[in-house]
Amino acid sequence: MTSLIYLDWNATTPPLPEAIDAMAEVARVAWGNPASIHGSGRAARDVVETAREELARLVGASARDVIFTSGGTEANNLALRRAPALVTSALEHPSVTRVAEALEAEGRPVRWLPVRESGWVEPEAVREALAGLPTATVVAVAAVNHETGVVQPVPAIAELVRAAGARLHVDAVQAVGKLPAEHWAGADTFAVAAHKLRGPKGIGALVHRPERAPKPLLLGGSQERGRRAGTVDPVAAAGFRVAAAWAARSMPARTEIATLRDAFEAALVGRGARVNGEGAPRLGHVSNVSFPGVAGDELVAALDLLGVAVSSGSACSAGTTEPSKVIAAMVGVARAREAVRVSLGDTTTAEELARALSALDRALGGPSAANLR
Ligand SMILES: Cc1ncc(COP(=O)(O)O)c(C=O)c1O
């Protein structure tokens, strides 16, 4: 049996072997409660604080301003759930759009930015949306879109937000480790998740400007300087530390991934695919494409049977698959139903992509999958 070809790195990444080793070691020797004052607690606290420093270095912040959370979802909620007013877009991850909907339901002003076909957020639209809203309004935008890899103009947006006296929250979950920290340097808060950069699941962070510490959402102990109640897991923190150090080192290898992606995407286009996010600046490891007349989720299932893991961006709700809301907002529901996201990582090889292409050809044209067209 040939091995699985994993091309779904935007969903999650394989944990680094060194991160797994570090976690196993900490689970054995530094499993204490980081809040305890005895030796066992101190050992665990050292692990957590070293991880905080390593992450702060990677993202260009001070360790004091890093709040560990359970992941990107909690970090986005922590930044946004108490916003008096919000400006965001339908392009965001559900951990942002669902908070926006909740705020709207509570009667707080929420403005949705217009979405262009390319999936790029126009900075000028942010200025217009902020007109007439209170100064403590939060603008929430992702640095890199999770479905298309589109890089948003965060520095330009940050300038406009600051000029308007509002606040900027950046969902940097798909950007950290892939873009330099200057990209979100203008944010008041930003979200990170370890599992998108080869660390473990279940740990992330909200990083804030010193004067923009969020009010806690969870009621409980005074961990994380009173900003996030609950015991921080030193095991997960150990994996996060290794992943953050690795992410800083591996940034240069990203141009090689882009070369592979470009060749792969050209091959997809040669087979009739339309690129979602075309025309906008995109990171070099993602291709989101629609094959006209082919249901994205069926193609994903057919590729899975052939040993290739990709994603359709669709969410399963009440037993029915919904097309990606992000792609639907960009290019309409019909094309969103045909969308497939292929996301590469640092271990992806040209040979794997060649095998993925032959699997695609079988899925699209082979007798067993003729029903896809
Ligand atoms: C852009 C973006 N934000 C937030 C999240 C949520 O992160 P987590 O899975 O750590 O809760 C994800 C994960 O898919 C994401 O891609």
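## The largest pocket

The largest pocket holds about 740 Å³ of space. On a 1 Å grid over the protein atoms alone, a pocket is an open set of points with protein on both sides within 12 Å along at least five of seven lines, and a lining residue has an atom within 4 Å of a point. Volumes are the space filled by probe spheres set on the points, with points joined across faces, edges and corners. This is a predicted model, so to speak of a local feature takes pLDDT of at least 70 and a side-chain atom pair takes 80 or more, while totals for chains, interfaces and linings use all residues. Residues are numbered from 1 along each chain as its sequence is written, and side-chain values use heavy atoms, leaving out hydrogens and water.

## The ligand

Among the 13 residues around the ligand, Gly-72, Thr-73, Asp-171, Gln-174 and Lys-196 come nearest (around means a heavy atom within 4 Å). A backbone N or O atom of Gly-72 sits 2.8 Å from a ligand oxygen, a polar side-chain atom of Gln-174 is 2.8 Å from one, and a polar side-chain atom of His-195 is 3.0 Å from one. The protein covers 85% of the 390 Å² of accessible area that the ligand has on its own (Shrake-Rupley method, 1.4 Å probe).

## Two cavities

The whole structure has two cavities of 30 Å³ or more, a cavity being a set of points where a 1.4 Å probe fits but cannot get out. The largest has about 110 Å³ of space, and both domain 1 and domain 2 line it, so it lies between them.

The second largest cavity has about 80 Å³. Phe-264, Leu-268, Leu-303, Val-342 and Leu-360 are the closest to its centre, out of 13 lining residues. That lining is 13 nonpolar, no polar and no charged (nonpolar means Ala, Val, Leu, Ile, Met, Phe, Trp, Tyr, Cys or Pro; charged means Asp, Glu, Lys or Arg; the others, Gly among them, are polar).

Note on methods
Domain bounds come from an automatic or database domain assignment. A polar contact is a pair of N or O atoms within 3.5 Å; within protein, one must be able to donate a hydrogen and the other to accept it, and residues adjacent in sequence count only if both atoms are side-chain atoms.
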